[in-house]
Amino acid sequence: MSHTPDRAALYINGDWRKPSTARTFTAVSSATGERIADFPEADRADVDTAVAAARGALGSPGGWASAQQRAEAMERLAAALESRAQALGTLIAHEVGTPLARAIDANVGAAAGLLRFYAPLADTMYAEDLRPARVGHSLVRREPVGVVAMIVPWNYPLSTLFFKLAPALAMGCTAVVKPSPATGLDSFLVADAVHEAGFPPGVINFLPAEREVGEYLVTHPGVDKVAFTGSTAAGRRIGALCGGLLRPVTLELGGKSAAILLEDAPLPLFLDHLLDLSFNNNGQTCTNNTRLLVPRSRYEEVVDAVTETVAGWQTGDPLDPDTVIGPLAGTAARDRVEGYIRRGREEGARITTGGGRPAGLDHGCYVEPTVFAGVDPAMVVAREEIFGPVVTISAHDGTVEDAVAQANDSAYGLAGSVWTADEALGREVARAVDTGTFSVNHANFDIGAPFGGRRDSGLGSELGREGIEAYLQFKTIFVPSHP
């Protein structure tokens, strides 16, 4: 991507401004290891400037503009992002390793879809609700929570941002966004789109920065709420900081979700969904079902079928339309996954396919999609989030009770699925597994329904109409009579 220009300014208060330091990040292609471009690193002084701009843009208690103006600006931003779909998708494919078509759909398509989902809610939400009370009436107001610090990860840099930004904009909030340094370059293209869409100055600000500056943003006195997606360890730290400040926080964290196959599981259907279910984005997806729980009576059948399916996937350049599994997002991500693969071998699990680096791909951060069989549920590879193209296959005794117990035996509670010919039974299993989202006989994700985790998988929900609630605060005004 030698044609990609370096960036020299930060997008703050509706314009491109010189950063407070000369430090820069370098974007590197996960596919080739080559430099893509440099972009500036934000520091504390830039946080101060951006937060002040966001506070200044809030305006009245009703938000930064009328509901209609907010909705129209969101529609314009959706179109501006779509006009950059190829450029954004190509850049994200290089940054993250996501195969190109998926990079476009799961990022640009998701962002535009979220903006269009929430834009009508900006125009139809009632700002005040008059309710009869024992004495007189109660006037309940919905007001924007204010300035939101948004800290987003590298695996889906656009969709995870717009999980937060779209409902926040609809409710009249303003935002200071800290992208991951690993994917910070794409945020400059998003800022170009924001500028083109004509948002008022200060409504959306972008600050690529390291973790220390991110913590400064989280604790900044001008911030009213924090929304974070990332690792459980980082989420605990942010949650502790917000707890000390009594600051609202939404945390979407990691997962180690289970796919339960029952005795009557339709194996061909399961295999058709395996890529999206368990290896999505080269395994770099928090909702991936990476623990396959299989009845002992069908264990070898499932192991053989999964192994054959995964072994048939092409690993390679994310820009190649035939690629199924691309590279991981940098050497640190590759080293982490390879460390878990070594640990699985040491624990006695058996690799049935993969486990190394693909032949002929000497450059880039590639790891073969890997299947572990003979996995005891107590093994580290069955308990910790690997965040790469690795699944484990464990046996249950064939009963729903044992399968559900194994699925629930986890510190995480983000996603999961069940595979059975009896859909009614599948729904009962779904109700019994203690997790925020769950699928019956397919791999699915719906922006129209709430999404969130339990336990180590997070705090609060995003998406759906419910997603606006994180960006609202309520005020009750007692009045003597109906106006």
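1. Basis of the model. This is a predicted model, in which local features need pLDDT of at least 70 and side-chain atom pairs count only at pLDDT 80 or more, whereas totals for chains, interfaces and linings use all residues. Residues are numbered from 1 along each chain as its sequence is written, and side-chain values use heavy atoms, with hydrogens and water left out.

2. Strands here are DSSP runs (E, at least two residues), as helices are (H or I, at least four), numbered from the N terminus, and two strands pair if DSSP finds at least two bridges between them.

3. β7 pairs with β8 in the parallel sense over five bridges, and the bridge partner of M150 in β8 is V177. The chain passes from β7 through α5 to β8 in a right-handed β-α-β crossover, where right-handed means that, with the strands pointing away from the viewer, the path from the first strand over the helix to the second runs clockwise. β7 also runs parallel to β10, to which four bridges join it, and M150 stands opposite A227 in β10.

4. Strand β8 (residues 174-178) and β9 pair in the parallel sense over three bridges, with N205 in β9 as the bridge partner of V176.

5. The largest nonpolar core. This core has 97 residues, of which L81, F162 and F199 touch the most other members, and its largest share, 10 residues, comes from helix α4 (residues 100-124). A nonpolar core is a set of buried Ala, Val, Leu, Ile, Met, Phe, Trp, Tyr and Cys residues joined through side-chain atoms within 4.5 Å. Leaving aside neighbours within four places in sequence, L81 is in contact (heavy atoms within 4.5 Å) with L88, V108, A111, L115, F162, V190 and A193. Apart from this core lies another, of 24 residues, among them L267, L271, Y299 and A305.

6. Residue A193. A193 belongs to helix α6 (residues 184-197) and counts as buried because its relative accessibility is 0%. A193 and A79 are 114 residues apart in sequence and 8.6 Å apart in space, C-alpha to C-alpha.

7. The seven-stranded sheet. A second open sheet to inspect has seven strands in the order β14-β15-β16-β13-β12-β18-β19, with mixed pairing. β14 and β19 (439-440) stand at its edges with a single partner strand each, so one side of each is left without a neighbour in the sheet. β15 and β16 pair in the parallel sense over three bridges, and F372 stands opposite T392 in β16. α10 packs on this sheet, touching β12, β13, β14, β15 and β16, and its direction makes about 50° with that of β14. In α10 (residues 299-311), the buried residues include Y299, V302 and A305. Helix α11 (residues 331-347) lies across β14, β15 and β16, at about 25° to β15.

8. The hairpin. β5 (residues 128-132) and β6 pair in the antiparallel sense over five bridges, forming a hairpin with four residues between them, where G136 in the turn has a positive phi of about 70°. β6 (residues 137-144) is mostly covered, with seven of its eight residues buried, and it pairs with β24 (residues 472-479) in the antiparallel sense over eight bridges.

Conventions:
Buried < 20%, exposed > 50% of the residue type's maximum accessible area, 1.4 Å probe, protein only. Expected span 1.5 Å × (residues − 1). Axes fitted to C-alpha atoms, helices over the stretch in contact; angles between N-to-C directions.
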